[in-house]
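I am opening a notebook on this model, and I will write down what I look up in the order in which I look it up.

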Amino acid sequence: MNTLLRGGRVVDPKTGADRIADLLMSDGRIAAVGVDLIAPPGTAVVDVRGLIVGPGFVDLHSHVHSIAGQRLQAMDGVTTALDLEAGLMPVAEAMARAAADGRPLNYGFSASWAQARAFAHLDRVPVADFTASMDLLGNGEWQRSSSAPERTRWLGLLEGELAAGALGIGVLMGYAPRSDPDEYLALSRLAAAAHAPTFTHVRELIEADPATPIDGSEELVRAAAETGAAMHHCHVNSTSLRHIDRVLTLLDRSRAAGSRVTVEAYPYGAGSTAIGAFFLAPEKLRGLGITPSSLVLVDTGERIADEARLREVRAADPGATCIVTFLDEADPLDRAHLHRALAYPDSIVASDAMPVSWTSTTGTPTAYEQREWPLPPGGHTHPRTAGTFAKSLRLMVRESETWTWVEAFRRCSYLPARVLDEVSSAMRGKGHLAVGADADVVVIDPVTITDRATYADPTRPSQGVRQLYVHGIPVVHAGEIVTDAFPGRAIRGDA
């Protein structure tokens with residue numbers, strides 16, 4: 001299939017080019033970029049004058065794992081959605097399930113440190129399902145330090161997953177923050193030897209809990225320096241809270257010293273996780289600067305009233321998803337914290353997109369998949385699932401002019417793809433518009449691009465993405481989802 005995008009403002013973050021040009025896609029690749037290109041016979045010609053044409057966004061941190069979730073991300077400009085912070089295990093099963101169901105966007109997974117430890121500690125057989133992973137988060141047994149045989153066992157599992165196509169190791173250290181720091185060094189050495197990155201939700205900062213075995217961000221940069229591994233710091237905005245300046249200065253020193261440290265952020269003052277998470281225990285909230293009323297259950301909308309209710313919910317359903325408000329977006333000082341996380345040099349935009357669920361009349365979640373489009377009403381998720389990239393563009397390009405369009409595509413497309421260059425040759429053709437690159441392309445209206453999802457209505461698609469192509473196949477056309485398009489492919493590691 002050939003498509004010619006005629007007369008758009010073509011932005012390539014690899015070269016810094018920003019010019020009016022045509023872009024020709026052929027057989028899933030960029031075939032030509034230039035002025036007044038001649039369309040081969042049978043080519044679909046799309047007039048994109050007045051619109052921005054750039055490489056589709058690469059999301060390193062997406063937990064949606066569904067057609068419904070990926071369609072929301074497509075409307076947000078994403079062409080590749082990868083679960084690298086948590087990962088799934090077995091990775092071969094996760095890829096096979098996605099391929100069997102069909103996916104609008106490209107997909108891939110890291111090796112799950114948490115699931116590997118649960119198998120080593122509990123003989124809990126890994127299941128390539130995110131809800132099973134959420135249920136695991138409240139189980140304290142996998143969170144403890146490993147014995148020597150247990151460590152050997154889970155390191156072996158991770159090594160096998162890397163050989164099976166995992167895109168690195170996903171490390172939920174924040175959910176097991178009392179585990180032996182030497183274990184983190186061990187998995188970092190494994191990653192370095194395999195030429196694979198790690199993706200870490202760091203353990204608590206020293207400001208949040210002076211009793212932590214090691215400051216979470218400090219642990220990451222020390223491991224990077226000692227092992228030479230490529231270390232990715234997940235959602236620095238939500239783990240650093242109001243200590244973002246101290247953490248970013250730490251990352252600056254690490255990067256200046258030559259360590260391979262990358263960082264991501266998203267533009268929201270609230271996160272989302274399982275209510276049974278270690279750091280949401282009642283006695284831990286003060287260190288985060290929040291109270292039980294900062295927590296809202298996603299599927300029911302219940303705001304947790306007090307510590308007694310929090311303990312009750314954590315005991316009854318530790319895997320229940322909640323929204324956690326950690327910064328007040330209405331407060332100028334807190335908005336400034338979020339802005340600095342996004343504005344930090346080379347900070348990558350990543351969504352931490354959550355699954356979308358629908359609730360039955362009895363109040364229980366009934367489905368995490370929905371092929372109907374538009375999505376039926378009543379879907380539950382965090383608004384970052386639908387709006388992260390459009391909100392980042394609104395805040396950083398349209399409103400504050402902190403980023404140029406070249407810089408926006410560098411942070412949303414080019415830099416995230418480059419995190420994976422060493423582990424996956426399939427990523428080298430993504431995030432830029434060179435001739436021969438993958439035809440993963442987004443076309444944006446620079447005037448109307450904005451997020452529309454809210455905490456009250458989290459599944460409202462973003463607006464302003466006019467066209468979106470995955471391997472040259474339209475997934476969004478004229479601002480609407482193409483409902484029979486499933487061109488997404490697995491992104492595998494080369495190990």
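**Entry 1: strands that pair**

I note at the start that this is a predicted model. I began with strand E1 (residues 2-12) and strand E5 (residues 52-55), and I found that two bridges join them and that they run parallel. To see one point of this pairing I looked for Arg-9, which stands opposite Ile-52 in E5. I then turned to strand E20 (residues 441-444), which is joined to E5 by four bridges, and here the two strands run antiparallel.

**Entry 2: domains**

Next I looked up how the chain is divided, and the assignment gives domain 1 (2-55 + 428-481), domain 2 (72-273 + 329-419) and domain 3 (274-325). Where they meet, 28 residues of domain 2 are in contact with 20 residues of domain 3.

I wanted a figure for the size of this interface, and I reminded myself that such a size is often given as the accessible area lost when the parts come together. For domain 2 and domain 3 the area buried between them is about 1800 Å², with 56% of it on carbon and sulfur atoms.

How many salt bridges are counted between domain 2 and domain 3? The count is two, and I looked up the salt bridge in which the side chains of Lys-284 and Glu-204 meet, at 2.5 Å from N to O. I also noted six residue pairs in polar contact across the interface of domain 2 and domain 3. On the side of domain 2 that touches domain 3, helix H4 (130-136) and strand E14 (270-274) each supply at least two residues. E14 gives the largest share of that side, with four residues.

**Entry 3: Thr-388**

I moved on to Thr-388, which I found in helix H13 (residues 384-399). Is Thr-388 buried or exposed? Its relative accessibility is 0%, and because the cut-off for buried is under 20%, Thr-388 counts as buried. When I left aside the neighbours within four places in sequence, I found Thr-388 in contact with Asp-76, Tyr-266, Pro-267, Tyr-268, Val-349, Ala-350 and Ser-351. I followed up Pro-267, which is 121 residues away from Thr-388 along the chain, although their C-alpha atoms are separated by 6.6 Å.

**Entry 4: Ser-462**

I then looked up Ser-462, whose place is in the loop between E20 and strand E21 (465-470). With a relative accessible area of 2%, Ser-462 is buried. Its side chain is joined to the side chain of Asp-76 by a polar contact of 2.9 Å, and a polar atom of that Ser-462 side chain lies 2.9 Å from the backbone oxygen of Ala-386. Beyond the neighbours within four places in sequence, the contacts of Ser-462 include Met-75, Gly-387, Ala-390 and Thr-450. I noticed that Asp-76 is listed as a contact of Thr-388 and also as a contact of Ser-462.

**Entry 5: backbone points to check**

Before the last search I recalled that most residues other than glycine have a negative phi, and that most peptide bonds are trans.

For phi, I wrote down Glu-401, which is not a glycine but has a positive phi of about 55°. Glu-401 is found in the loop between H13 and helix H14 (405-419), and its relative accessible area of 64% makes it exposed. Ala-478 is not a glycine either, and its phi is positive at about 55°. I found Ala-478 in the loop between strand E22 (473-477) and strand E23 (480-481), where it is partly exposed, with a relative accessible area of 40%.

Key: Residues are numbered from 1 along each chain as its sequence is written. This is a predicted model: local features need pLDDT of at least 70, side-chain atom pairs count only at pLDDT 80 or more; totals for chains, interfaces and linings use all residues. Side-chain values use heavy atoms; hydrogens and water are left out. Two strands pair if DSSP finds at least two bridges between them. Buried means under 20% relative accessible area, exposed over 50%, partly exposed in between (1.4 Å probe, protein chains only). Contact means heavy atoms within 4.5 Å. Domain bounds come from an automatic or database domain assignment. Buried area is the accessible area (1.4 Å probe) that two parts lose on being put together, summed over both. A salt bridge is a side-chain nitrogen of Lys or Arg within 4 Å of a carboxyl oxygen of Asp or Glu. A polar contact is a pair of N or O atoms within 3.5 Å; within protein, one must be able to donate a hydrogen and the other to accept it, and residues adjacent in sequence count only if both atoms are side-chain atoms.
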